Amino acid sequence: MTLAAESSPATAQPAALAVETPLRRFLSDYFESWVATAALALLAIIVLLAIVAPWIVPQNPYDLAQVDVMESRLPPGEKHSVSGYTYWLGTDGAGRDLLSAMLYGVRISLTVGVLSGLIAMAIGATVGLIAAYAGGRVESLIMRVVDLQLSFPAILLALMLIAILGKGVDKIIIALVTVQWAYYARTVRGTALVESRKEYVEAARCLGLSHNRILMRHILPNCLPPLIVVATVQTAHAIALEATLSFLGVGLPQTEPSLGLLISNGFEYMLSGKYWISFFPGILLLLTIMVINLVGDQLRDVLNPRLRR
Amino acid sequence: MRSMGPPALEVSNLKTHFFTKAGIVKAVDGVSFAVAAGEILGLVGESGCGKSITGFSILGLVDEPGRIVAGSVRFKGEELTTASEERLRSLRGDRIAMIFQDPMMTLNPVLRVDTQMVEAVRAHRNINTAAAVHLARDALADVGIPSPEHRLKAYPHELSGGMRQRVAIATAFINKPDVIIADEPTTALDVTIQGQILAEAQALCARTGTAMIWITHDLAVVSSLADRIAVMYAGRIVETGRTADIVSAPLHPYTKGLIGSVPSHNKRGERLTQIPGMTPSLLNLAPGCAFRTRCSQATQMCLAEPELADVGADRAVRCFHPLLTEAGA
Amino acid sequence: MTAIPIVEAKGLSKRFVRKPDLAARLAGKLGAEVREETVHAVDGVDLTINKGEVVGLVGESGCGKSTLGRMIAGILEPTEGRVLFKGRDRTTLRGRDAKAARLAVQMIFQDPYASLNPRARVEGIVGEAPLFHGLVSGADISAYVDDMLMRVGLDPDLKRRYPHQFSGGQRSRIGIARALAVKPEFLVCDEAIAALDVSIQAQVINLFMDLRSALDLTYLFISHDLGVVQHITDRVVIMYLGRVVESAPTVGLFEKAVHPYSQALLSEVPRISTTKRTFHPIKGEIPSPLDPPPGCHFHPRCPHARERCRVEVPVLKPVAAGREAACHFSGMFLNQ
């Protein structure tokens, strides 16, 4: 038959096309943009700092024994009166080293943001898949709930939930998950609908594969691209939302300040010239959200099949 | 027989390359042909051979990362590859028009048919809207659209595929251009509708004296329609000649293989003559004749690249071993 | 031959109904004209396919051939009618018989790009189903996949690759290997070669013919390309707007078509010719399946239409040995 003819052109380019996994192709596409590469590098640094914060900070901001209110509101560059280490970014109203507080703060912000994002994704993706595959009344019902959820302003919903549930890290995460899951559900349902009409899904049904297998092994993996994009953008939203709640005083408790709370605490000092107490946490927050969004932008362009040449 | 006067369009050794991050894709790498007023030239080739890019190159519609790197395109003596964007824009739609495979590429889905056709007219001529609408109505009638007044007021999505393509053809003909480039216009249409459109295109060209380049992969369609055929492979023209000559006595092994692949040209129930292998990647084209790896006639000579050489009256072939003694497929 | 036909469609119909949604119903209550839109994709089709036959199913857009093919393959549920596999109604089968019947009828799809899971490697695409159904054990699956790939003319070394690394023709072959892996007896080819280049089409057509004799397969070959159909089929069934208009052995049909639509279709098939031809196409557009003409669907475009054609639906009846046509005047055409 045509065996020889088919194999020769293929083996003629073995080096160039050695198993080009989707991952490898994706990575080479992603790093085409220097902005996105820089954003990813910066994000990696921020995450790394957040992870190793407990080991590198000069002062543990939560240890009340170390915090001295006499050291409060010192401008950047001042030295600790006793031990002599430099407050590189100054101290806040309670006497905490701002740098340490910020590193801990970004740690909390990222943890809460990412954790709530992951949980929301798990819930939302499952619901979206079920809606798309089941169709009919089940789908209508689910999507009406999603629409309802999405028509609420996020802040309003979060505030209402906090008012009911009370304060605390776990309550915040619950509130953030509730606000976010609907975006994931809508995204996944849309993609799953498109994918389930495609011929490879028809082929899977023709071959007698089970519904479960088709959903998990065929449809879901092909819903990942838009899901990843939504996940990055939503994580940025979650972080911003948590910061807002903390700023308003209904977020994380004072003893575990997130960036939002630090900004809030320093707000009263802005007019008296002690800008650094709000300013630096604000910059860090802005930077974190910005790099996540930039990474998400590039992901969206790279993963969009229509833009691919 | 139409009068074959001086060429309306003459393409010489055109090369359009795409500079991608993976390397240089030589999409068009040596295309030469000419088409006279009132003549229909069939540009035939399979997917990836560069025939569509040739059409775009003629009109200067090739976008980054591609550009014309060599060769010339002369429209009635005027060189187009060096013409300004202004000049090209004034020619497009007026003197040289294009019809695409997907009529939705030509038609704007949010505008009515009359709006679009009037726009096409008034971009090149200074006449009032009423007169332009009148021209549009006549153009639709010319392509065989029944009750054209009603169709004028329709949106593209209200029309069937065949109807949309007719509107695209009417829009192409409305300014009575000298050359029309039709890129696979009937490939996506049903056979009976295709028959209608081929009839209309044939009649229109005869009436208006427009030269047409009909780009297609379907040798059967073009053999019934075109006066002359040019066969493309891997970015190069490999054979040109009168339709009857090419079909009855192809000179290039690829042309012969192509004709042989068509089932109706084979004895029923028998294995079809197939060309072994696949079209080469335009990214890493091996030196020499591009068809070498699939050709039954290939020899050491074919490691050098053959030129498109004239072999008789209105006949040219790019091959070191043209099938000169064959009596036909 | 009194053997039971391998696949039979009896009175098969498929209607797609678009019910007006809530907003439209409200508009209806307020006086706007709201209709339930029904597309009669397939309208009461009987089809019999015997073992070893290659039956061509031909028609243009809206004729329902793809829908009919999917109902026969079991991917789409019919609105009415039944599909019999080896004489038994598929919906009455249970357990192992049901599974055997499902695997015995496989489909080859048109789009070589959309018909393969982009996120699965070739070995997964081809090997998934046989492994899932226990046809092949985990230990043997690798060699089995190799065998399938070689059968369709692909190099087994390529099986760790992903679909996007292959050409259209190679992807078609992967789809065929996937279908063959479950040891089918009957293949429904839905425009399986339409998206391929002419020279690749020739390769795949030859592959189909080789497989037919090597594996004793039966085919339902759905295509709009009459040239291909003429070459490889034994019998041709022509559809128009959801109904069968003619059914005949291939040789007989191409010598003389009885139904006016078949005649028009056959005359429109472009063939490689040395002379330029003048085209005399049939007039009119293919009507929308949402609003088919009454009586004989073809009457608005038929050069021979009479009053009766407007009113009465022609029934598919025998006009000669092994030939059927749905036309009131078929006797007249046959004797011309």
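Before the structure, some conventions. Residues are numbered from 1 along each chain as its sequence is written, while chains are lettered from A and ligands numbered from 1 in the order in which they are written. Because the model is predicted, local features need pLDDT of at least 70 and side-chain atom pairs count only at pLDDT 80 or more, whereas totals for chains, interfaces and linings use all residues.

I start with chain C. The domain assignment gives domain 1 as 7–21 + 35–233 and domain 2 as 259–336; such bounds come from an automatic or database assignment. The C-alpha centres of these two domains of chain C lie 29 Å apart. Where they touch, 9 residues of domain 1 of chain C are in contact with 7 residues of domain 2 of chain C. Contact here means that the C-beta atoms of two residues, placed from the backbone, lie within 7 Å. On the domain 1 side, the elements that give two or more residues are β2 (37–49) and α8 (226–232) of chain C. Helices (H or I, at least four residues) and strands (E, at least two) are DSSP runs, numbered from the N terminus. The largest share of that side, 4 residues, comes from β2(C). By class, that side of domain 1 has 3 nonpolar, 4 polar and 2 charged residues. Nonpolar covers Ala, Val, Leu, Ile, Met, Phe, Trp, Tyr, Cys and Pro, charged covers Asp, Glu, Lys and Arg, and the others, Gly among them, are polar.

Next, the strands. Two strands pair if DSSP finds at least two bridges between them. β1(C) and β2(C) pair in the antiparallel sense over 9 bridges, and R15(C) stands opposite H40(C) in β2(C). β1 (residues 7–18) of chain C is also joined by 5 bridges to β4 (residues 80–85) of chain C, again antiparallel. In that pairing, V7(C) stands opposite F85(C).

Now the contact between chains B and C. How many residues does the contact take from chain B and from chain C? The contact takes 39 residues from chain B and 35 residues from chain C. On the chain B side, α8(B) gives the most, with 7 residues. That side of chain B has 17 nonpolar, 17 polar and 5 charged residues.

I finish with single residues. I193(C) is found in the loop between β7 (186–190) and α7 (198–215) of chain C. Is I193(C) buried or exposed? I193(C) is buried, because 25 other C-beta atoms lie within 10 Å. The cut-offs are 20 or more other C-beta atoms within 10 Å for buried, 12 or fewer for exposed, and in between for partly exposed, with C-beta atoms placed from the backbone. Leaving aside neighbours within four places in sequence, I193(C) is in contact with Q201(C), V204(C), I205(C) and V228(C).

E184(B) lies in the loop between β7 (179–183) and α8 of chain B, and K183(C) in the loop between α6 (168–180) and β7 of chain C. E184(B) counts as partly exposed, with 19 C-beta neighbours inside 10 Å. K183(C) also counts as partly exposed, with 14.

Last, a cis peptide bond joins E64(B) and P65(B), with omega about 5°.
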